[in-house]
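Let us read a protein complex together, one feature at a time.

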Amino acid sequence: MLSPSDLGAIWLTIKLATVTTAILLVLGTPLAWWLARTRSGWKGPVGAVVAMPIVLPPTVLGFYLLLLMGPNGPVGQFTQWAGIGLLPFSFAGLVVASVFYSLPFVVQPLQNAFEGVGDRPLEVAATLGAKPLDAFFTVAVPLAKPGFLTATILGFAHTVGEFGVVLMIGGNIPDKTRVVSVQIYDHVEALEYAQAHWLSGGMVVFSFLVLLALYTLNPTGKKK
Amino acid sequence: MIEARFKLDYPGFTLDVDLSLPSSGVTALFGHSGSGKTTLLRAIAGLERVPGGRLMFDGEVWQDENVFLPTHQRPLGYVFQEASLFAHLTVRGNLDYGTKRRPTNADFSNIIDMLGIGALLDRKPDRLSGGERQRVAIARALLTQPRLLLMDEPLAALDLARKREILPYLEQLHETLKIPVLYVSHAPDEVARLADHIVALDAGRVVAAGPLAETLARADLPIRLGEDAGVVLDATVAEIDHTWHLARVEFPGGSLWVRDEGHPVGKRLRVRVLARDVSLARAEPSGTSILNHFRVTVRELADDAHPTLLLARVEAGERSLLARLTRRSAAALELAPGVDVWAQVKAVAVLG
């Protein structure tokens with residue numbers, strides 16, 4: 001069965017995924033909104049940067065984040081100057097890395113949803129006296145609800161599944177940075193296959209349920 | 001009075017207008033697709049930002065060098081081509097959206113009744129027909145008590161049956177609304193029915209503007225209406241012939257027998273006479289099935305779409321009719337401005 005350290009890893013993973021998803025929804029919504037509506041030439045480059053974690057090996061992302069946030073990196077020097085200390089090998093560091101790592105999985109569904117909403121409902125809202133921010137919250141967000149659902153589920157699930165970035169930036173500190181995927185790795189290294197099965201099987205079931213929820217709550221093809 | 005001056009220059013599209021529009025009645029912005037009529041309407045609404053444009057509404061500046069009033073601050077109502085109801089709200093939610101943001105003392109039940117949507121209030125837009133959606137959209141715009149109503153081809157997305165369903169509501173608006181309405185359309189029959197004034201646009205420029213009857217009666221209207229060339233006459237029912245189910249309608253300077261559609265004597269009607277249904281003769285016609293003929297004076301001869309044809313503007317009392325005839329006939333009849341002839345009118349449409 002699950003050991004206390006397994007439970008700790010599960011709890012840590014859920015905490016990390018929840019915090020990361022929350023931050024991503026706050027940061028990703030305006031970014032996705034901008035990407036969906038801008039006519040600026042920056043749309044292409046910004047969109048490409050957002051999508052890069054999809055194609056980059058997580059180790060590459062982790063490596064550069066480690067350098068940036070390390071004692072000699074610009075971010076590391078800033079965090080030390082600000083009295084926060086160093087981010088690598090801390091929960092906060094994992095959150096920062098996860099935000100980058102899962103960014104496209106939140107931004108892209110939101111961007112697609114906002115593009116699907118189009119200009120017209122917002123124009124209608126304006127002719128009915130709604131200020132732009134009012135129209136955003138009362139028209140664009142409700143109409144993009146399926147996109148928010150997809151973004152939340154994908155952002156959460158993708159963070160749960162991260163391994164390479166965690167290992168690069170967080171290492172393997174129990175209850176601080178040791179998430180489920182790292183814990184499984186440890187079990188396998190130690191030839192504790194039974195333990196590895198419990199966690200791995202759990203991940204399989206979790207992934208299936210998440211995707212099942214995504215496809216049943218958000219049936220495609222019903223959108224107009 | 002609405003004064004609008006807009007100039008846009010995109011590759012393949014220009015808009016260059018300087019207009020004064022009346023502040024009452026329905027003004028049709030008429031033109032073929034791509035003529036700039038929708039862009040002009042969007043510029044007036046502030047949905048399209050035209051740099052260097054100028055827009056005055058009843059003495060208020062909505063746009064000039066220093067001012068650009070955003071759409072949500074302009075007291076207007078806008079009805080889009082597709083109804084554009086908010087899909088996540090019920091009909092009632094849609095109607096309330098505007099009134100929550102622009103509290104008015106609009107008579108809710110009166111507007112709901114007028115548009116016949118009382119039974120639909122709890123439905124979502126995807127449970128409505130196209131015609132119903134458009135009626136809700138019109139009600140939603142009216143409930144904010146706009147001082148200017150803009151309508152962008154509100155019937156264009158509907159099939160003929162749905163158009164017939166909505167037109168009576170629009171006609172009723174025309175009679176009851178005190179605010180100016182700008183009505184974009186490329187359909188001459190809608191314009192003939194609903195408009196009081198017309199602004200004809202072609203390639204982004206105003207090619208004709210003025211009161212509807214006067215403007216449509218121009219033989220030299222720069223915008224070719226083809227089969228739709230013709231005049232509208234505001235007339236009054238003067239007599240009903242119950243035996244033959246006919247009604248005689250009088251206009252200043254003459255009268256016409258039309259189908260009796262149950263309108264009482266004294267009712268004001270608008271009738272439309274197409275140029276293709278008017279023929280001219282030197283002698284008084286006799287032995288013909290055509291009911292309506294009367295003396296007219298030729299005032300103007302102008303080119304028509306095809307070189308075979310020309311359009312003649314003839315005067316019957318104070319009103320003009322257009323007649324389409326071949327050049328050969330015109331030559332045979334020796335038609336020229338000032339000549340008196342007989343006009344025969346084969347068909348008259350009562351627009352209601």
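**A salt bridge and its surroundings**

R205(B) is partly exposed, with a relative accessible area of 43%. This is a predicted model.

Q: Which residue forms a salt bridge with R205(B)?

A: Start with the general idea. Side chains of opposite charge can pair when their charged atoms come close. Here the partner is D16(B), and the closest N and O atoms are 3.2 Å apart. D16(B) lies in strand β2 (residues 13-21) and R205(B) in strand β10 (residues 205-211) of chain B, so the pair ties together parts that are 189 residues apart in sequence. D16(B) has a relative accessible area of 29%, so this residue counts as partly exposed.

Q: How far should I trust the coordinates?

A: Where pLDDT is low, the predicted coordinates should not be read in detail. For chain B the average pLDDT is 91, and 100% of the residues score at least 70. For the complex, the predictor gives an ipTM of 0.84 and a pTM of 0.85.

Q: Are R324(B) and D304(B), another salt-bridge pair, buried or exposed?

A: R324(B) is buried, and D304(B) is buried too. Their closest N and O atoms are 2.5 Å apart. This pair links distant parts of the chain, 20 residues apart. R324(B) sits in strand β18 (residues 319-326), while D304(B) is in the loop between β16 (292-303) and β17 (309-316) of chain B.

Q: What about R248(B) and E250(B)?

A: Their side chains meet in a salt bridge, at 3.3 Å from N to O. Now check each partner. R248(B) has 18% relative accessibility, under the 20% cut-off, so this residue counts as buried. E250(B), at 38%, counts as partly exposed. Over all chains, the structure holds 25 salt bridges.

Q: Is D113(B) buried or exposed?

A: D113(B) counts as exposed, because its relative accessibility is 58%. This residue lies in helix α3 (residues 108-114) of chain B.

Q: How do I read the interface between the chains?

A: The size of an interface is often given as the accessible area lost when the parts come together. Between chain B and chain A, about 1700 Å² is buried, and carbon and sulfur atoms give 64% of this area. In terms of contact, 19 residues of chain B meet 19 residues of chain A.

Q: How many salt bridges are there between chain B and chain A?

A: The count is 3. One salt bridge joins R120(A) to E82(B), with the closest N and O atoms 2.9 Å apart. These two residues also belong to a network of salt bridges with E123(A), R42(B) and E48(B). There are 6 residue pairs in polar contact across the interface as well. On the side of chain B that touches chain A, β6 (76-79) and α2 (91-101) each give two or more residues. Of these elements, α2(B) gives the most, with 3 residues. That side of chain B divides into 7 nonpolar, 6 polar and 6 charged residues.

Q: How many helices and strands are there in chain A?

A: Chain A has 11 helices and 0 strands. Of its 224 residues, 42% count as buried.

How values were computed. Residues numbered from 1 in each chain as written. Chains lettered and ligands numbered in written order. Predicted model: local features only at pLDDT ≥ 70, side-chain atom pairs only at ≥ 80, totals over all residues. Heavy atoms only, no water. Contact = heavy atoms within 4.5 Å. Buried area = accessible area lost by both parts, 1.4 Å probe. Salt bridge = Lys/Arg side-chain N within 4 Å of Asp/Glu carboxyl O. Polar contact = N/O pair within 3.5 Å; in protein donor to acceptor, adjacent residues only side chain to side chain. Helix = DSSP H or I, 4+ residues; strand = E, 2+ residues; numbered from the N terminus. Nonpolar A, V, L, I, M, F, W, Y, C, P; charged D, E, K, R; others polar. pLDDT = per-residue confidence, 0-100. Buried < 20%, exposed > 50% of the residue type's maximum accessible area, 1.4 Å probe, protein only.
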